[in-house]
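Subject: Handover of a structure and notes on its features

Dear colleague,

Please find below the structure that I am passing on to you. My notes on what was found in it follow directly after.

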Amino acid sequence: MQRNTEIMSSFVVDLKYENIPQEVVERAKRQILDVIGVALAGSTQEVGKIALDFVQTTGGTPECVAWGTKLRTSAPQAAFVNGICCHATDYDDMWLPGAHPTGVTFPASLAVAETVRASGRQLLAAQVAAYEVMGKLHACADERSGWHPTPVFGTFGAAAAAAKLLGLDTAKMQMAFGIASSEASGIGLHSGTMTKPFHAGHGARNGIVAAMLAARGFTANPEVLDGAFFETFFGKDMSDNWRLTATLGNPYHLATPGIGVKMYPSGYHLHHAFEPALELVKKHNISAEQVSAIEIVIPRRGHFNRPQIGSGLEGKFSYQYHVAMAILDQKLTIESFHDARAQASDVREMLKKMTARVDPNIPRNPDIVYIKVVIRLSDGKEVSAAQPLPRSHWRYPLPREEWVGKFRDNAARVLKEPNIGRIIEMVDKLEELADANALTELLRL
């Protein structure tokens with residue numbers, strides 16, 4: 001009788017582009033375009049530059065593109081630097097359970113697709129497999145226990161995509177998952193540091209390494225998803241967890257619960273604080289000078305409750321900073337999280353006016369959670385708002401012009417027309433692409 005690891009491995013091996021619902025294909029293409037733009041913007045950030053310098057220094061077979069640069073390097077190294085750039089600004093997508101799936105899996109998919117000269121259809125099938133593996137694994141873990149889920153589960157997704165593109169059979173796919181289980185890692189408390197984006201690059205690179213080793217006959221425990229992985233990471237006996245395989249491809253995780261395009265370059269959960277604050281500022285025409293006090297009502301204490309910050313990176317994970325940006329700037333851009341803005345005097349003064357309070361009645365379910373923002377004005381007036389469905393939510397009906405516009409804005413930080421337009425057209429028709437290298441050529445300087 002087949003067990004979980006074998007069933008999941010067989011699913012990945014047998015998945016064909018022709019059998020993937022069109023809704024899922026279109027969603028995958030949207031996320032691919034989005035993450036390419038996010039990575040291009042990320043390559044201009046300090047963390048991206050450090051990662052690129054590291055990859056240039058350590059070298060590698062010049063076969064894969066480091067997006068937005070002239071560099072070619074090995075598939076693992078390209079996935080590493082591109083993955084870091086995907087998560088450098090925390091602008092990559094979000095889904096349920098909370099993780100960033102495309103930034104940790106697509107750099108692996110595209111790097112291996114380059115090396116084997118895969119078609120667009122093969123690339124899409126591998127990427128959908130990555131989403132499905134990562135999503136179904138994460139859905140089985142009820143508690144995080146301090147782990148950052150993006151690299152923990154994303155390493156398996158990246159391994160699935162890489163192994164599929166390399167043509168591994170079911171037995172070797174099981175070995176790839178076994179190897180991946182000893183590579184998966186990432187501690188959540190690194191939010192606000194460069195190590196958080198490192199997680200995405202690390203997971204992407206490790207997934208490729210697992211697949212490449214398995215392809216060469218490297219061995220591992222072939223049943224790692226039949227209990228050991230969950231017991232080790234989460235302290236639970238989940239060997240009989242039917243949820244892991246019962247819904248593989250039915251429905252696809254990209255379709256249900258879906259996936260969101262993140263519309264602000266910061267931690268998704270903080271958008272629940274920014275949007276209601278912005279709503280109040282615009283609705284009541286509130287200026288910074290009018291604000292006397294602010295209360296942020298949150299579902300629980302945690303590392304997002306940061307009343308004082310020392311850097312822009314820390315601001316990406318501060319409820320208080322997001323509310324301050326809504327009041328002071330009425331926008332959240334990549335520049336909103338530069339150190340100069342985070343350390344400005346008006347920001348420090350606004351942060352002093354804020355308090356946070358836990359309301360245990362707010363649902364912790366991430367699908368419907370909200371944060372209430374209460375602004376008290378100098379004339380004694382008090383206004384409040386909450387938003388359970390921010391624009392980055394996986395169920396938010398974001399129109400095409402908004403996510404394409406986001407891509408254009410990000411890509412323009414590195415590339416020029418007509419390449420930007422050509423990338424949009426190529427991803428729109430990715431299933432017609434004969435060779436993935438045609439896409440990566442457009443990502444080179």
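Pro97 sits in the loop that runs between strand 3 (94-95) and helix 5 (101-116). Please bear in mind throughout that the model is a predicted one.

A cis peptide bond is also found between Thr256 and Pro257, where omega is about 10°. Pro257 belongs to the loop between helix 11 (243-246) and strand 4 (259-260). A further point of backbone geometry concerns Arg117, a residue other than glycine with a positive phi, near 55°. Arg117 is placed in the loop between helix 5 and helix 6 (120-139).

The crossing of helix 2 past helix 17 is left-handed. On the side of helix 2, the contact is made by Arg30, Leu33, Asp34, Ile36, Gly37, Val38, Leu40 and Ala41, while helix 17 contributes Trp403, Lys406, Phe407, Asn410 and Ala411. By class, this contact of helix 2 with helix 17 comprises 8 nonpolar, 2 polar and 3 charged residues.

For helix 12 (residues 271-284) and helix 14 (residues 319-328), the axes come within 8 Å of each other and cross at roughly 25°. Helix 12 is therefore roughly parallel to helix 14. In this pair, helix 12 passes helix 14 in a right-handed crossing. The residues of helix 12 that take part are Ala273, Phe274, Ala277, Leu278 and Val281, and they meet Tyr319, His322, Val323, Met325, Ala326 and Ile327 of helix 14. The contact of helix 12 with helix 14 holds 10 nonpolar residues and 1 polar residue, with no charged residues.

The remaining pair to report is helix 1 (residues 4-14) with helix 8 (residues 170-181), whose axes come within 8 Å and cross at roughly 115°. The crossing of helix 1 past helix 8 is right-handed. Helix 1 makes the contact through Thr5, Glu6, Met8, Ser9, Ser10, Val12 and Val13, and helix 8 through Thr170, Met173, Gln174 and Phe177. Sorted by class, the contact of helix 1 with helix 8 has 5 nonpolar, 5 polar and 1 charged residues.

How many cavities of 30 Å³ or more does the model contain? The count comes to 2. The largest cavity holds about 40 Å³ of space. Its lining is formed by His87, Ala88, Thr89, Asp90, Gly192, Thr193, Lys196, Pro197, Leu313, Lys316 and Phe317. The residues lining the largest cavity divide into 4 nonpolar, 4 polar and 3 charged. Among the lining residues are Asp90, Lys196 and Lys316.

With kind regards

Notes:
Residues are numbered from 1 along each chain as its sequence is written. This is a predicted model: local features need pLDDT of at least 70, side-chain atom pairs count only at pLDDT 80 or more; totals for chains, interfaces and linings use all residues. Side-chain values use heavy atoms; hydrogens and water are left out. On a 1 Å grid over the protein atoms alone, a cavity is a set of points where a 1.4 Å probe fits but cannot get out, and a pocket is an open set with protein on both sides within 12 Å along at least five of seven lines; lining residues have an atom within 4 Å of a point. Grid points are joined across faces, edges and corners, and a volume is the space filled by probe spheres set on the points. Ala, Val, Leu, Ile, Met, Phe, Trp, Tyr, Cys and Pro count as nonpolar, Asp, Glu, Lys and Arg as charged, and the others, Gly among them, as polar. Axes are lines fitted to C-alpha atoms, for helices over the stretch in contact, and angles run from 0 to 180 degrees between N-to-C directions. Helices (H or I, at least four residues) and strands (E, at least two) are DSSP runs, numbered from the N terminus. Angles under 35 degrees count as roughly parallel, over 145 as roughly antiparallel, 65 to 115 as roughly perpendicular and the rest as oblique. A crossing is left-handed if the near helix is turned anticlockwise from the far one by less than a right angle, and right-handed if clockwise. Contact means heavy atoms within 4.5 Å.
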